[in-house]
Amino acid sequence: MQLHDIWFVLIAFLWTGYFFLEGFDFGIGVLTKLLARDRSEKRVLINTIGPVWDGNEVWLLSAAGATFAAFPDWYATLFSGFYLPLLLILVCLIVRGVAFEYRAKRAEESWQRNWETAIFWTSLLPAVLWGIAFGNIVHGVKIDAHKEYVGGVLDLLNPYAILGGLTTLTLFTFHGAVFASLKTVGDIRERARRMATVLGLLAAVVAVSFLAWTQADKGDGTSLIAMTVAVVALVAALVANRFGREGWAFAFSGITIAAAVAMLFLTLFPNVMPSTLHESWSLTVTNASSSPYTLKIMTWCAGIAAPIVMLYQGWTYWVFRKRIGTQHLADAHVPGATGADTHTPTPAS
Amino acid sequence: MELALAPETLARWQFGITTVYHFLFVPLTISLAALVAGLETAWVRTAKQKYLKATKFWGKLFLINIAMGVVTGIVQEFQFGMNWSDYSRFVGDIFGAPLAFEALIAFFFESTFIGLWIFGWDKLPKKIHCLCIWMVSIGTILSAYFILAANSWMQHPVGYRYNAHTGRAELTDFLKVLTQDTTLVVAFHTLTAAFLTGAAFMVGISAYHLMRKKHIKVMRTSLRLGLVTLVIAGLLTAISGDELGKVMFKQQPMKMAAAEALWDKEEPAPFSVFAYGDVEKGHNTVAIEVPGLLSFLAHSDFSSPVPGINDVNKAEQQKFGPGDYRPNIPVAYWGFRWMIGFGMSSFALGLAGLWLTRKKFWLAPGLRTGDEEPPRLALTKNKELGPRLSKWYWSLAFVTLGFPLIANSWGWVFTEMGRQPWAVYGVLRTSDAVSPGVSQGEVITSMAVFTALYAILAVVEVRLLVKYVKAGPQELTDSDLNPPTRIGGDPADADRPMAFSY
């Protein structure tokens with residue numbers, strides 16, 4: 001196995017980590033509208049990912065940075081080609097991050113409601129758009145002899161890619177519901193579990209069609225194995241969820257996402273962005289990669305840093321392992337607020 | 001729609017806008033993380049309540065600020081590929097590595113430990129909680145270092161060779177990229193300026209409360225910490241700036257000639273205080289100068305020659321072929337002056353403050369104040385500054401709290417625009433760096449979207465900061481003072497509310 005192959009695997013791994021972790025973040029965001037009955041339940045949901053969403057999102061930045069370093073041409077073609085969808089994703093990630101941090105910083109109801117609406121939409125849109133992006137990457141796009149994307153925005157909205165977008169949306173929302181049932185306590189936990197069943201069945205229909213289409217289109221033996229793992233894990237997640245084994249359900253919904261991402265990357269290899277215009281214009285792990293020297297340095301860096309990152313991120317999840325419910329929500333220490341906050345002296349301004 | 005613009009113009013504006021905006025938050029984040037960490041350490045060590053109050057107060061402002069720093073940083077990670085794809089292809093082999101290092105080593109660090117710090121007040125023993133904010137601080141500094149190494153490579157490319165076969169620059173010596181003098185000096189200058197920024201912010205807000213005789217105990221401590229940091233950081237910023245100037249004279253003579261509006265070689269060369277000139281004809285019509293000072297800044301003696309803009313332009317034309325190798329000279333000239341002017345005014349203010357609020361040394365007993373009173377500004381051992389002048393000092397300290405932010409922005413505008421027309425100095429022109437496949441319409445769209453979004457968020461953010469600054473530090477509760485001793489919190493009381501929730 002050569003270094004650029006290793007880096008293909010590492011980038012696949014970073015995207016898998018991103019979709020596994022941010023998958024339930026996006027799901028939780030969507031569920032604030034679907035599952036939460038009132039404001040405090042919304043808050044409970046948001047707080048299940050409160051301490052970790054930022055660290056989860058860095059997996060995306062690492063994937064992008066690693067792509068830049070290991071496959072500069074892939075980075076350049078992908079991000080200049082998928083310009084407008086990426087712009088929309090970036091806007092969502094900006095608003096979403098601010099929404100989490102600022103929502104509780106003022107007591108006004110309209111302020112909080114606006115940020116909650118923002119959290120819903122900015123979780124839903126990227127969940128769809130990443131699926132569309134990956135659908136297009138796997139399927140191939142119009143890339144010319146100069147490695148430039150020459151298609152338009154509408155070319156990206158083909159049926160296969162849209163099905164990919166629906167797959168990520170439904171899988172992430174299911175993953176989020178399972179996560180919610182694992183991390184909450186009380187009434188909302190039961191409802192999260194019931195909703196997970198519905199969402200899981202929906203995800204199964206959409207995801208299986210997408211993966212089967214992928215397999216028929218580009219698949220081989222190994223991708224069939226990955227697909228089988230994804231489907232079996234999805235069924236297992238549904239079963240575990242049905243029997244109230246929330247930890248297992250979460251593990252299996254995570255495996256579903258990981259296996260689905262793995263399948264996409266397996267069907268992609270050795271291309272990184274196939275061209276639909278001419279086979280020899282495709283970007284591959286060899287013609288898009290950095291020099292062996294850069295890859296060697298990067299391998300050292302990732303080899304040392306990535307395990308440490310996983311250790312301390314894992315530790316964070318362990319520190320915040322306690323389930324939360326509406327009774328655990330802290331009084332917001334908002335200056336000038338009334339009600340629950342009356343024990344705090346209001347400073348004259 | 002026909003636009004009479006060079007393809008790179010819009011992309012340059014967009015990069016400029018988004019980067020300047022990002023860098024309003026970065027220096028405050030870097031310095032406040034360390035200052036908050038210092039305050040929390042003081043609390044852990046002494047158990048004095050004022051330190052905990054200060055930690056929580058500055059911590060809140062820090063979090064409001066870092067939220068914007070994080071989200072505006074996301075855009076930067078993608079913008080190279082979006083708008084500058086030819087640049088990314090050409091330098092990805094080199095430039096990508098520090099970026100990936102930054103994400104893998106620094107971003108994960110900051111983002112994970114900031115979560116632990118925000119939500120961990122009732123989940124972590126206080127020493128470990130304090131360690132978390134130190135980790136955040138280390139993360140912010142590491143991330144600054146890696147990204148500055150990447151930028152410094154664009155200013156002064158080292159450790160690479162041009163591969164004619166692949167048509168791109170390829171890395172040959174990564175250690176050199178990380179340790180070349182440009183990287184080290186730029187990192188030194190940026191970090192000291194960051195601490196100047198945070199310190200001026202802290203001094204200004206403390207002055208605001210002390211002037212109103214509110215939250216005195218906490219604000220006295222904060223003022224002291226702010227002033228000491230301000231003076232040390234200001235001094236180091238000046239020293240590092242001088243170092244950086246010398247490096248630039250060597251590596252980018254054009255930038256420094258432009259900074260001084262020095263058109264033709266002079267020996268000895270003067271430092272320009274004010275200049276007004278004709279860029280087309282290449283000379284100044286008005287010039288107020290300090291003789292010999294520029295020679296000193298460039299080479300540490302008062303007589304050596306310094307080449308001017310016209311000389312360097314000719315030399316570069318001979319080296320790189322015909323073309324105009326001059327940056328925007330008024331921007332470079334005034335950017336340099338605003339940077340020094342705004343930055344050093346804050347330093348001077350800090351120096352004055354440190355003298356005026358000094359404690360026991362050379363201070364008559366009658367002028368000494370206790371912890372519960374605001375400090376009296378003392379001019380000499382026995383003489384207090386008049387009430388009017390005292391009020392002036394406090395107000396001035398408050399209204400200038402953003403001066404270093406202006407200095408930072410101009411400093412970066414000078415550094416980046418002084419390098420034009422090059423994206424990588426001497427190697428890749430900016431006009432060859434843009435994405436060929438991205439249309440003007442797409443760039444206009446993204447520029448409009450980012451500018452509008454950033455403007456709205458700026459208003460939201462500033463109003464939140466004002467609200468929390470005005471409110472001042474909060475009273476502490478029992479649970480604040482008695483954090484748990486076990487990781488994961490206290491298992492005995494299952495329904496205890498969290499110390500913090502979004």
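Here is a short chat about how to read some features of this predicted model.

Visitor: Before we start, what should I know about numbering and confidence?

Guide: Residues count from 1 along each chain as its sequence is written, chains are lettered from A and ligands numbered from 1 in the order in which they are written. Since the model is predicted, local features need pLDDT of at least 70, side-chain atom pairs count only at pLDDT 80 or more, and totals for chains, interfaces and linings use all residues, while side-chain values use heavy atoms, with hydrogens and water left out.

Visitor: Which residues of chain A does UniProt list under "transmembrane region"?

Guide: UniProt positions use the numbering here, feature names are shortened, and annotations may be inferred rather than shown by experiment. The unreviewed entry lists residues 6–36, 82–99, 119–140, 160–182, 194–216, 222–240, 247–269 and 297–320 of chain A.

Visitor: How much helix is there over residues 194–216 of chain A?

Guide: Helices (H or I, at least four residues) and strands (E, at least two) are DSSP runs, numbered from the N terminus. Residues 194–216 of chain A are 100% helix and 0% strand, with end C-alpha atoms 33 Å apart. Residues 222–240 of chain A are also 100% helix and 0% strand, and there the end C-alpha atoms lie 27 Å apart.

Visitor: On to surfaces. Which residues form the nonpolar patch?

Guide: Patches take residues with over 30% relative accessible area and no salt bridge; like charges are joined within 9 Å, and nonpolar side chains (Val, Leu, Ile, Met, Phe, Trp, Tyr) within 5 Å. A salt bridge puts a side-chain nitrogen of Lys or Arg within 4 Å of a carboxyl oxygen of Asp or Glu. Areas come from the Shrake-Rupley method with a 1.4 Å probe, and for residues only the protein chains shown count as cover. Here, B:F188, B:V228, B:I232, B:L235, B:L236 and B:I239 make up the patch, with about 480 Å² of accessible area together. Helix α7 (residues 216–251) of chain B gives the largest share, 5 residues, whereas B:F188 sits in helix α6 (residues 181–211).

Visitor: Is B:I232 buried or partly exposed?

Guide: Buried means under 20% relative accessible area, exposed over 50%, and partly exposed in between (1.4 Å probe, protein chains only). B:I232, in helix α7 of chain B, counts as partly exposed because its relative accessible area is 48%. B:F188 is partly exposed too, at 34%. For contrast, take B:A42 in helix α1 (residues 7–46) of chain B: its relative accessibility is 17%, so it counts as buried.

Visitor: Which residues form the positive patch?

Guide: Lys and Arg count as positive and Asp and Glu as negative; His and the chain ends are not counted. Each charge is placed at NZ of Lys, CZ of Arg, CG of Asp or CD of Glu. The patch consists of B:K48, B:K359, B:K360, B:R368 and B:K381. B:K359 belongs to the loop between α11 (329–356) and α12 (387–399) of chain B, and it is partly exposed at 48% relative accessibility.

Visitor: Where are the cis peptide bonds you have picked out?

Guide: One joins A:F269 and A:P270, with omega about 0°. Another runs from B:Q420 to B:P421, with omega near 5°.

Visitor: What is the phi of A:K147?

Guide: It is near 65°, a positive value in a residue other than glycine. A:K147 lies in the loop between α6 (109–139) and α7 (159–183) of chain A. B:A47 is not a glycine either, and has a positive phi of about 60°.
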